[in-house]
Amino acid sequence: MTNSPMPLLRIDQVAKSFGKTRAVDGVSLDIHENEFFALLGPSGCGKTTLLRMLAGFEALDSGQILLSGKDISPLPPEKRPLNLMFQSYALFPHMTVRQNLNYGLEMERLPRKVIRTRVDETLASTDLTALADRKPDQLSGGQKQRVALARALVKRPKVLLLDEPLGALDKKLRERMQLELKRLQHEAGITFIIVTHDQEEALVMADRMAILKDGKLLQAGTPEEIYEEPADRFVANFIGIMNFLDGEIDGTHAFVVDGSRHPIAVRHGPRKATLAVRPEHVRITERADGLGVVITDVAYHGLDRVLHTKTVASGKPLQLRLSAAEGQRYAAGQTIMIALDAAKCRIY
Ligand code: ATP
């Protein structure tokens, strides 16, 4: 009863080297139907190579890729029900928007009427109906982006693979397109796998995401899981803002930093450790045994204010996030006592 359903896509111990570089190093991942899945990691971590292997443009050294339980590794790209949208939009410049969309369906030799209906539907859902007769050089960057997306969607792939799809857009348009992509994915009911190096973009859009580094999978999970429970120090640092404090666990559920004791949920015996805590899980306290910090800057972020501080005893940097109203009471140069939210601290 509780068995998880067979994933749409199973990536099983997949590996690929280029010479001595292990671009993808034994990655296993399950991706489910209708999921918006993000592959995230720093430059060179193997995201694009993994995506190209899924699309069939890169052969596997070892491992398997199963689609609905069937090994698709032997299939050439055009035989796979996965469609890759390239970083460069690769639109045909001499064709109108409509012709660009028609093209893929004509190649499939679909009846004219079917092509017409499907293209009309796709133009409507991507807000391109009014631009159907324009050529790519008469479109803005964001519009070209939408056409590229429409051209991929019109073929109704089971899975759409997107490599940095918003990379060429400015910040504002990028944020709008993030929401639009999410809406389109939801409406089309297609599984999206998106490659990005932008953690915020992944957090905003993805149902689940995977963090890669040096070809290895470090963690896969929902944005919340990865933000709240990062598997290691690298992930903790890569996603969102994280404070790290070096100190000692004293064996009595307490972490000691600069002589100040902080309860934590960890039981391990005495040892040196690094504690990680998000700025929103640091509180200001009146207690004399808190950790003393000096405020170095108060940064206004609209809804909240971030206090940048340094610990009094050893100058360790520490950020706190407060509501804008609460943060207003503090200024650079003040010394305050802080406490850590025990349940939210992680030890590495
Ligand atoms: P970016 O965000 O910079 O695009 P990425 O995470 O997509 O990076 P990949 O393009 O997958 O990374 O590359 C992974 C590693 O494999 C890198 O070290 C890269 O230099 C190497 N690599 C990728 N393609 C080739 C190739 N065709 N020949 C040799 N090395 C390659």
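**Pockets, cavity, sheet and aromatic contacts**

The lining of the second largest pocket comprises five nonpolar, two polar and four charged residues, where Ala, Val, Leu, Ile, Met, Phe, Trp, Tyr, Cys and Pro count as nonpolar, Asp, Glu, Lys and Arg as charged, and the others, Gly among them, as polar. The model is predicted: local features need pLDDT of at least 70 and side-chain atom pairs count only at pLDDT 80 or more, whereas totals for chains, interfaces and linings use all residues. Residues are numbered from 1 along each chain as its sequence is written, and side-chain values use heavy atoms, with hydrogens and water left out.

The second largest pocket has a volume of about 200 Å³. A pocket is an open set of points on a 1 Å grid over the protein atoms alone, with protein on both sides within 12 Å along at least five of seven lines; a cavity is a set of points where a 1.4 Å probe fits but cannot get out, and lining residues have an atom within 4 Å of a point. Grid points are joined across faces, edges and corners, and a volume is the space filled by probe spheres set on the points. The lining of the second largest pocket includes Arg118, Glu121, Leu153, Arg156 and Glu187. Helix H3 (112-125) and helix H5 (171-188) each give two or more residues to this lining, and H3 gives the most, with four. Helices (H or I, at least four residues) and strands (E, at least two) are DSSP runs, numbered from the N terminus.

The largest pocket has a volume of about 770 Å³. Its lining consists of 27 residues, of which Leu82, Asn83, Leu84, Gly104 and Lys155 lie nearest the centre. Strand E6 (82-85), helix H2 (97-107) and helix H4 (141-153) are the elements that give two or more residues to it; H2 gives the most, with five. The residues of this lining divide into 18 nonpolar, three polar and six charged.

One cavity of 30 Å³ or more is found in the whole structure. The largest cavity has a volume of about 40 Å³, and its lining includes Tyr227, Ala276, Val277 and Arg278. Helix H7 (223-228) and E14 each supply at least two of the lining residues. Arg278 also lies over the face of Tyr227, at 3.9 Å from the ring centre; the criterion is NZ of Lys or CZ of Arg within 6 Å of the ring centre and within 35 degrees of the ring normal.

E14 belongs to an open sheet of five strands in the order E13-E12-E11-E14-E20, with antiparallel pairing. Two strands pair if DSSP finds at least two bridges between them. Strand E11 (residues 243-249) and strand E14 (residues 271-277) pair over seven bridges, and Lys272 in E14 is the bridge partner of Glu248.

The structure holds three aromatic pairs, defined by centres of Phe, Tyr or Trp (six-membered) rings within 6.5 Å, with planes under 30 degrees apart counted as stacked, over 60 as edge-to-face and the rest as tilted. The pair of Phe36 and Phe192 is tilted, because the planes stand at 55°, with the centres 5.4 Å apart. Both residues are buried (under 20% relative accessible area; exposed is over 50%, partly exposed in between; 1.4 Å probe, protein chains only). Phe92 and Tyr103 form an edge-to-face pair, 4.8 Å centre to centre with 65° between the planes. Phe92 counts as partly exposed at 26% relative accessibility, as does Tyr103 at 32%.
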